[in-house]
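Hi everyone, thanks for making time. Let's take a look at this one together.

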Amino acid sequence: MDKRNALRAGAVTATVTLMMLLSSPAMAFTRDDGDDPGSGLSVAQTLGLYVLLPIAAFVIIGGLAAMPYGNKDKKK
């Protein structure tokens, strides 16, 4: 049973990878009409946007989700 699932997972992964490679643009370096890319991000901006912002969102969402289970007085 595990061998069949591993084979199925491998086939799905190979198919998805092949489809992604086939769907990538062939001339990615040629600019289209109206294409106006902005300036690149600095290292600090990149780290803030892709590292610090997701961590902060995770902490905030986790804190909001834990609020109902906060300090409750257990009286027995």
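Let me start with a question: does V43 count as buried or exposed, and at what relative accessibility? V43 counts as exposed, because its relative accessibility is 64%, and exposed here means over 50%. Please keep in mind that this is a predicted model.

Where does V43 sit? It lies in helix α2, which covers residues 43–66. The chain has two helices and zero strands.

Now to the length of α2. Its 24 residues should span 34 Å at 1.5 Å a residue, and the end C-alpha atoms are 33 Å apart, so the two values agree. There is also a bend of about 35 degrees at L52, with a proline, P54, following within four residues.

Finally, the whole chain. Buried residues make up 0% of its 76 residues. Its accessible surface comes to about 7,700 Å², and 66% of that belongs to carbon and sulfur atoms.

Notes
Residues numbered from 1 in each chain as written. Predicted model: local features only at pLDDT ≥ 70, side-chain atom pairs only at ≥ 80, totals over all residues. Heavy atoms only, no water. Buried < 20%, exposed > 50% of the residue type's maximum accessible area, 1.4 Å probe, protein only. Areas by Shrake-Rupley, 256 points an atom, 1.4 Å probe, with all protein chains shown as cover. Expected span 1.5 Å × (residues − 1). Bend = angle between axes of the 7 residues up to and from the residue.
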